[in-house]
Every structure is written in structure tokens, then in C-alpha cells.
Amino acid sequence: MKIIIQCVALLLIAGNSIAGADEWTLKFLEQNCIRCHGSQKQKADRRFDALPVQIKKLDDLERYQEIVDQLNLGNMPPEDEPQPSAKERAKVIAHLTQQIRAARMELSDSGGRSVLRRLNSWEYRQTIGDLLGLNVDVWNPAEDFPQEVKVHGFDNNGAGLVTSGRLMDHYFVAAEEAIRRATQFEARPLSKKYTQQTPFYFKGNDSKGLPKLFQTGRFRFIPETPYTDLYGRHYRGGHIGFLPLFRQGGVSQSGIYTIRVRAAAVGRFHDYGKALGDFRNGDPLVMEIAAVDRRGSVTSTGNVSKMTSLARIELTNEEPQWFQWNVYLEAGYEPEVRFSNGPLAAKRMVRVLTTQAADKPEFKPFVGMKGGIEKGHGVLKAYQGPRLRIWEINVEGPHFETWPTNGHRALYGNLTPDKLNAKTITQRLKAFAEKAFRRPPVDGELEPIQRLVAGKLEEGVAPLHALQLGFQAILCSPGFLYLNLGEGELNEVALASRLSYFLWASPPDEILLKLAKAGKLRSGLSAQVKRMLADTKSDRFVRHFVRRWLDLDNIGTMPPSKDFLVYYRDNLGTAMRKETEMFFRHVLDNNLPLRGFLDAGYSFLNRELALHYGIEGVQGNEFQRVSIKGGQRGGLIGQGAFLTASANGVDTSPVVRGIYTLEKLLGYTSPPPPPDVPVIEPDIRGAVTVREQLVKHREIATCAECHRKIDPLGFALENFDAIGGWRTEYGRDLPVDASGKLPNGQTFQTLAKFRQLMVERYPQFTRNLTERFLTYALGRELIALDRPHIDEILKEMKKDNKGLHDLIEAVVLSEVFSKN
């Protein structure tokens, strides 16, 4: 507090003594900074000895701002170096703050703006979906696009969004397919009902001409029973295809279908012990409904070339029950029922039961028998363990609320092919372009497209095909592919686009455009933020922002070791991402304080993820709020997604996790290590612990400064393995030591104490999250000139009871959001 008061007082007089202060400031830097950040040594890749007295460039402004930030935080000089007095520190902070403020005024027109940027793959996908009324959760028009360049984790940075010839080729293909899918001149599809009762698989003469999928070689069907049992994990004896739709190549029309399954869970309690692997006695059986595409696969085996999970449900009742879902099926796909947590694959189950459970009377006749169909059928008929029992499957659809759909009407209005002529084609091109461009076309913008269509008509191309070529050209034009918001203060239509792509990743709706055209959007931004965040389309913001901020898409890019069987069996990768996204959504919807990201005593878990965390009593596959007070979890640092994204799938590294935590939670990006410094191997190497290796690492002068920030945060999380499971030792009886010392001298011995220290850095976390939101919203890196806007938002957030919703609203209401 004393330093703050001194700073305020000195700021009031700083303007009267700039010349003298400059000399004094340089002397201060020389005494306290240059030894570690000068010509001979550049710790943390920072050099300050060449800083000019007067700030003339953005780069110099950013370096001076970093000095002020580190002085304010008390991080510099390091605790083992001579320290300036509180008065000296306050004086230099005050003077540099005055200089920075003046420099911002002079440099306010110096770059940093993103006037034009391309839609990234995520935005393109959602835009095509909303514009043409297409389900892009199943069909992804950007699936084959080149991977986007990420700048500090974000893939919507205008500087990184280049447009290559290869990408343009993909745009042409995607546009053609999108127009084809949205065009619906045919009669409304009739809803049909398909029913199949057991048997789902056939044998002997009944199976002649059918693929192996529909034969009983790997499944248990007893002719005298009215059901079929699934006993193994899917892909190997744990799925049921749907013969009526298989024979016609899947559903003929994309749309919503009703799927009903009559099923039961049998044999959940067993005495086979470890013979069934890690299948826990009494566990619910998980039935999964999947949409599968067998086209392009080996049809004689019934293999799947593509699969989409549609629904999962836990079964515990041995009496058959009906289960029903309304799901989207893509044309050519068919439904499949799967026993997704089945204990073992089929062939392995036969082998294991006749070895590890050979003492069971039911299996003794098959012990020593040569393998084959007879042995396999006999073992599975005798087997009394967990089985998913299926009686009947019904599929009905497609269901459409309107026909033609809204996407078709966006293209053609009420026109039919026989009404198309030069005049109506021009009208439809203009109407569609205004929707696609998110604004009225400017003069001459459509002329090349109109000439293309006119030329095709002169060549004798059918009017409908010529019009569709025009639509495709619109979807490949800069007006659609780029967000061009202009320079300076955004007009209201441009502001509508920025707001919509921030919160929905798609074009503004009619309400936003109506307000913008009437000049009333700017004055009604708060109300629109509330409306848009309450809309289901804001789930896109939650999903994409969280995944980009925390690099959650890294989960699975380096698949966890097969030693972590539970990760695959319980679908933990998907569950972890969902936990973090639901947690973020909860904090947002309830406008909760941001500190909950650091220490919340609750999370959102299903049974499998709860068991992975060592939490008992959570029932069901559905996610639910669960109290975790008093446990090892709490806040983001205890969530599986955070811990798995900061590991490599096999083991952990305190350095990697420390860097990840610093960057994602506190906004500090460490420089890359010097090229002559060896990499630290994760976990242990021989009998030498990582901690011992890093002690030696910090003896290297060029490494010490960064590692004193990085290492303690990584060590604090060492009790979590590569997929976020709790551990107390690495193996070989080497205990985990999660203690550490932060750069400010604070120490911790336990994860709980570390979490308390992180909460004390809540203001730093709030600044970091604010900067992340602004970076995501503006589509560019922030620069030193943005600092006053960030400070203004943070000033607003210091008011009572401000939460996450308030922060997003403050970002939208900030001056920088409305400018380019």
C-alpha cells in the first residue's frame, strides 16, 4: 500500500522532472537490471541495456512495460540479488509509467490492427452450417482443410490465416457439396419405420450372401431365446448392425431419426475375478448408439470406415427396457448398437476364460480343446459374466419440421427450376450474397460472378446449374471468406459481425442486423451479449475458446500409453474435455467469480471420470455437479483435461507442466531454451529424479531465471500422472515430492498449499483471462497500445460481485472491441 501511495504522489510531479528522471532511471536499470539483462548476459532472453531514453517504437514500449510489470509484482530483482528501497522502486515505477503513458499517445496509430482476416476452419464450418441450415456436427465441410496456424494457441489470428492454392481447391469442393446438400427440389421424404427383432445375426443357410458382420461366429445367439447377447468390447464381438439399413446402404436421406432399443444388463455380478481384466464387479453396462459408414470398407466383413457416437447410456436392470433417442443420421450411415465397456474382445475372452478361469465348472469341458468355432461358441454359451442383452431395434425417420428447409429457401426463395431466368437468377444471387457477405454487396462486387453465370447460360448450361455455379462462386469469394471490418471505429454492421463471430463463430442473425441497420446496436450491446450467451450457439464459443486457451485438442494427439487402459475403456479423453467445458459454462451462466477457476470445490463428472479421480458414489453416464471439497482436486489444476494436455500420454515433466501452467493461467510465456542445453527427460532416468536433474540445470546461468519460475509450478502437480490420476510415488519406491518455492520466496509442501498460493495470484489470472478474451475477440495479438483498455476492463472487474459473464460483457463494451 505504501508503494502504491508513493507511486500516485510521484506521478503527479513526474511531468515536471522528466529530464532528471531519465538519467536517474537509467542509473536504476544499470544497478538493478543490466547485470542479468545486458550485453554479456540475457536471462529469460531479455536485454535492457540498449533501451533508448525516449520511447519511440512499439518494441521499446513493450520492453519498458515489462520492466514496470515485474517491478510491480516484486519479481525483479530476484530475491537473491540486492534490492532497491521501496522509495526507489516507487519512483522508477512512477516515472516509467508516465513515459509509457505519453508514448502510447504518440504511437496510437502505429499498427497492431487486423483490418482483414480470413475465417478459420471452425468459423467456416459454423458459417456454412448456419447459412445453409446444414448439420455440420456430422458433415464437416472443413474436414480436409490444411491445419490452421496457431499463434499463442489461437487459430483465428489474422496474421497466421494465409490462403493457399491448396486451401482454395478445398473451398471449391466444399462449396459445391454444401450447395448440393442444401438444394431440395424433390418431394418431401417419407418417414419410414424399420424394425428388427432377434436374431440380429444368422448362421448356416440363413447367412448365405450376408457379410460376416451378420453371422454368429463372434456373437452369442441361442435360437430358442428371443434375444441376442453382446459380451465383448466393440469392434470385436460387441456390436449389432442393423440388417434392413445395411442392405440398402444406410439411410437414404440425411435427417433426424428416432432410434429405439429394447435391452437389458445381464450378469453384472460375477466371480471370474481378474479374468475379465479391469471390468469392476457390479459395474453398469454402457450401451452406445453409433452411426457407422461401411462405404469404402471391406464390405464382406462389415467393417466400418467412419463412425460417429450418437448416444451412450448405462444399464443396470436385468429386465428388458425400451430406450429411445432422436439423433441425426447422415445419408449412407446406419445405426449400430455397441457394448462400449465390454470386458474383453471376443477372441481374447475365449482364451482368457479357458486359462485364467479354467477352474470354473462351466469352462472345464473346453480346457485343452483346440481353438475354433465350436470352442468359441461353447465357451460363450457357458459364460455367465456381463452381457448386454438386445431384444429389438426400431429406426424411424427422417423427421423434418419444414420442407424445403431454411437452407434451401436461403438459396432459392420460393422459386422452382422452371421459374429461373436471367432476371430471377440475378435477384437470387444478390439476395444470397447479402446473407453470405454479412452485409450488402458493394458496387461492382458481384459483377464477375454475374458475368460467369451469364456466360454459362449463353453456353447452354441449364439455368439451375448456372445459378448453383454462381452460389458456389459467392462461397469462394473474399466477401464470404474474409471478415473485412474496415479501419478505425467499426460501423454497426461490422460491429455485429465482430460480436457474432466472437460469441457464436458465425454470422450475425436477423436481430443483430436489424439493430445494426437501425443504428441501435452500439447502445444495446449489453442486452445483446446477454441474449447471445443464453443462445445454444454460444456453446461454440465455450467449446472453441476453452480448447484453444487450454490446448485441449492436444489430448489424444499423443495417445496415452496402453498401460492406461482405463483411458480408452471409459472414454476418458472425451469426458475430460466435457468436464472442463461444462465447468466453464457453469461459471459463465451463473456469473461466478473468476477465482473459481483456481479453487472451486466442485466439478462436473460422470461415474467413470469420478472413479478415475478416486471419488465414489457418482452414478450414471450423465455429467453432474459433484462436490470435491476436502479432496485433492479443485479448480482447473485438478481437472483431467488440464493435466493430460500438459503431459505426453506416457509420463510427466515438471518443466512442461510448469510452462503450461504459467502460460495458461498466469499469462507468462517463457523463451525457448538455449540450443546448447540438454533436454530434461520426464519422470526418472535410472535412479536420478527429475528434481535432482533440474537442480543441476539451474546451475546454468542462462537457464536459472526461467526455471525458478517454471519448476515450482510443475513440481506442485507431480502427484498427478500423465492422464491426471493421483499417485504418491513414481515406481521403484521413489516417492513424489510436490514441494517447491515460488520466485517471491513463498514455499509450499502440499498441493493444497500451492492452490492457496495460486489463489493469491487471482489478479494476475484475471488479467491473463481478459487478455485471452480480447485476443480471441479481435483476431490478433495484443500490443502495448492495448494496455489501457485492458486496465480499464480490470478496473471494472474490481467492483463487487463481478463474474465471468461480466468480464465478457466488459470486453464487448471496451473501446478496443469497437475499433479496428
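Let me begin with the largest cavity, where helix H15 gives the largest share of the lining, four residues; helices here are DSSP runs of H or I with at least four residues, and strands are E runs of at least two, numbered from the N terminus. This is a predicted model, in which local features need pLDDT of at least 70 and side-chain atom pairs count only at pLDDT 80 or more, while totals for chains, interfaces and linings use all residues. Residues are numbered from 1 along each chain as its sequence is written, and side-chain values use heavy atoms, without hydrogens and water.

The volume of the largest cavity is about 120 Å³, a cavity being a set of points on a 1 Å grid over the protein atoms alone where a 1.4 Å probe fits but cannot get out, with lining residues having an atom within 4 Å of a point. Of its 14 lining residues, those closest to the centre are Arg-117, Leu-483, Arg-498, Ala-777 and Leu-778.

Turning to the rings, Phe-185 and Tyr-412 have centres 4.8 Å apart and planes at 50 degrees, so they form a tilted pair; pairing requires centres within 6.5 Å, and tilted covers what is neither stacked, under 30 degrees, nor edge-to-face, over 60. Phe-185 is partly exposed at 28% relative accessible area, whereas Tyr-412, at 1%, is buried, where buried means under 20%, exposed over 50%, and partly exposed in between, with a 1.4 Å probe and protein chains only.

Conventions:
On a 1 Å grid over the protein atoms alone, a cavity is a set of points where a 1.4 Å probe fits but cannot get out, and a pocket is an open set with protein on both sides within 12 Å along at least five of seven lines; lining residues have an atom within 4 Å of a point. Grid points are joined across faces, edges and corners, and a volume is the space filled by probe spheres set on the points. Rings of Phe, Tyr and Trp (its six-membered ring) pair if their centres lie within 6.5 Å; planes under 30 degrees apart count as stacked, over 60 as edge-to-face and the rest as tilted.
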